[in-house]
Amino acid sequence: MDKNTQTEIFFGPNHPGVPGNYGINYQFEGDTVTSARANAGHLHRGFEKLMEERIWIKNTALVPRICVEEPDINEMVYAMGFEAIGEIEVPRRADYIRSIILELARIQGHIFSIGGNAAGIGQYTVMHWGTLTRDYLLDIFEEITGARVYHIYIRPGGVRQDIEAETFAKILDLMDELENERFPDLEKALFENPNAQKRWQGKAVITKEEAIEMGATGPVLRANGVPHDLRKMMPYAAYDDVEFEVPTGKNGDAWDRIKIARDDMLQSIKIIRQLINKIPDGPVQADLGNGLKYRIPKGDAYVKIESKRGEYGYYMVSDGSLKPYRVHVRGASTPLGLYGVREFLPGTRIADVPVWAKSLGICPPEFDR
Amino acid sequence: MRNEKDLLQLMNAHFNPLKLEIKREQNVSLEFEKEELIQALSFLKSHSYKHLSTISCVDWLEEGEFELVYHLFSYTDLINISLKTRIEREPGIFQTAKEIWPVAEFYERDIHDFFGVKFKGNDNLEELILENWQEIPPMRKDFDTRKFVNDKFEWRDYNGQKHTD
């Protein structure tokens, strides 16, 4: 393209190259972005308002729908908010099960998004592998919870039902299979692929200072060598009982972020094995009385957990009635999807736009809510 | 590295908070007069509280007030602070925090969309999520979702069954 040609492109809201129903309006000079503006709102379903109209327990069926890629973090953070305001103690076995579920969810989310990233640079085989591998994890979820994508399993006071010993055995088998068969293939097809290295190394760089300034967390921050992970910094569920490392990168580029996703999955496998080995016996649900009449005292709490894309938080307010007074969702990718797009995309070439958008793990329903 | 008590002492020494509270481990909540809040934010930012998680708004209809809550986190103290302030519901104007955290511009636009709060100094308050919204801001407590839906959309009958609201 002639370098003096100016073009305006509406990218999305329906396009296989954008992460969900969300658009970005670009202006190009030649093939270089000169300005970018997030065009959000296409996915706004009024979750926060709906939550105010439903009793506490009903919302557990609503919240997972806020992020399709990682529904379980919503259930967890909602339950944690409820328990923080109500000062409810969760049985230890439930804590362990929650951590197992969250780590399984982390693996399925990462493998799915690594596939998405690969598709962004034309490696469609890896995308199909990612989707396939995710399906094995969804099978496990189906066995535990009865549902594949939205599980509605973690609920205030614990989890919905116990996990059988034979399911634990299946999870361990799957972890072995992932580690010994799926991931080595992925390594060869993607991480040793010169094409992928060339497309990702040194692209879409966000420095440590920039990340902290805008509130970006997770792989975006960790790609700069800082091991900031809420599982370590503010342990929740059973994370204080397990040993694991927080993977980091050093250049802050797309390559480092995607490698962190891969290393994160290996750590998750390690965590799941430890948890299953030492899970205590006992109940999985605290007695909170009639589910339709849950009530917690007046109060508020900001709770947050480490999703695969960073800090995921809820600010919850209770006025002592049967329904929440206010729930505010802080999505992990909100600062990147709205502010980051405008600040960091200019100067990028058109072919690198998918690298940028996908490697940051932008999930539009989090800021459309 | 400070603990929760050191932090409360530090804030007490420099400001006049209305309320200080250790919510639970690693979680602190502070309430300020609206005149003091922005100063407190920039003070905390220079004391390692560099991470702004988000800004929340709560509509307290009966008291006629909006509550703005700024959630900060420090990577050295590992403490989460919620800074709260209340502003009058009418006219609902507050100061922007965009000079301290540029990203706040978008959180403020979000609050402007859904609560109608205006932020002085943030001159880019155009619609972010909503489009051509004519009603009162939808997250306000006096916005009636059911009425809005009934006025705006038509109910459809399924298999001869009349819809009843």
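This is a predicted model: local features need pLDDT of at least 70, side-chain atom pairs count only at pLDDT 80 or more; totals for chains, interfaces and linings use all residues.

Student: How many residues apart in sequence are Lys3(A) and Glu29(A)?
Tutor: They are 26 residues apart in sequence. In space, their C-alpha atoms are 6.1 Å apart.

Student: Is Lys3(A) buried or exposed?
Tutor: Exposed. It has 8 C-beta neighbours inside 10 Å, and a residue counts as exposed at 12 or fewer.

Student: Where does Lys3(A) lie?
Tutor: In the segment before β1 of chain A, which covers 6–11.

Student: OK, what sheet is β1(A) in?
Tutor: An open sheet of three strands, in the order β1-β2-β3 of chain A. The pairing is antiparallel. The edge strands are β1(A) and β3(A), which covers 32–39; each pairs on one side only. From one strand to the next, the twist averages 15 degrees.

Student: How many bridges join β2(A) to β3(A)?
Tutor: Seven. β2(A) takes in residues 23–29. As one example, Gly23(A) has Asn39(A) in β3(A) as its bridge partner.

Student: Which helix lies across those strands?
Tutor: Helix α12(A), residues 334–344, lies across β2(A) and β3(A). It runs at about 160 degrees to β3(A).

Student: Switching to domains. How is chain A divided?
Tutor: Into domain 1, made of 1–42 + 333–369, and domain 2, 69–291. Their C-alpha centres lie 26 Å apart.

Student: How many residues are in contact there?
Tutor: 15 residues of domain 1 of chain A are in contact with 18 of domain 2. On the domain 1 side, the elements giving two or more residues are α12(A) and α13(A), which covers 353–359. That side divides into nine nonpolar, four polar and two charged residues.

Student: What about α4(A)? What should its 29 residues span?
Tutor: 42 Å, at 1.5 Å a residue. The end C-alpha atoms of α4(A), residues 92–120, are 42 Å apart, which agrees.

Student: Is α4(A) mostly covered or mostly uncovered?
Tutor: Mostly covered: 28 of its 29 residues are buried. Gly122(A) follows the helix, with a positive phi near 90 degrees.

Student: New topic: chain B. How many of its residues are in contact with chain A?
Tutor: 25 residues of chain B, with 27 residues of chain A. On the chain B side, the elements giving two or more residues are β1 (19–24), β3 (51–60), β4 (65–73) and β5 (80–88) of chain B. β3(B) gives the largest share, six residues.

Student: And what kinds of residues does that side of chain B divide into?
Tutor: Twelve nonpolar, nine polar and four charged.

Student: How do β3(B) and β4(B) run?
Tutor: Antiparallel, joined by nine bridges. Cys57(B) stands opposite Leu68(B) in β4(B). The two strands form a hairpin with four residues between them. Gly64(B), in the turn, has a positive phi of about 70 degrees.

Student: In what sense do β4(B) and β5(B) pair?
Tutor: In the antiparallel sense, over nine bridges. Tyr70(B) stands opposite Leu83(B) in β5(B). This hairpin has six residues between the strands, and Leu78(B) takes a positive phi near 55 degrees.

Student: Last one: why is β4(B) called largely enclosed?
Tutor: Because seven of its nine residues are buried.

Note on methods
Residues are numbered from 1 along each chain as its sequence is written. Chains are lettered from A and ligands numbered from 1 in the order in which they are written. A residue is buried if 20 or more other C-beta atoms lie within 10 Å of its own, exposed if 12 or fewer, and partly exposed in between; C-beta atoms are placed from the backbone. Two strands pair if DSSP finds at least two bridges between them. Axes are lines fitted to C-alpha atoms, for helices over the stretch in contact, and angles run from 0 to 180 degrees between N-to-C directions. Two residues are in contact if their C-beta atoms, placed from the backbone, lie within 7 Å. Ala, Val, Leu, Ile, Met, Phe, Trp, Tyr, Cys and Pro count as nonpolar, Asp, Glu, Lys and Arg as charged, and the others, Gly among them, as polar. The expected span of a helix is 1.5 Å times one less than its number of residues. Domain bounds come from an automatic or database domain assignment.
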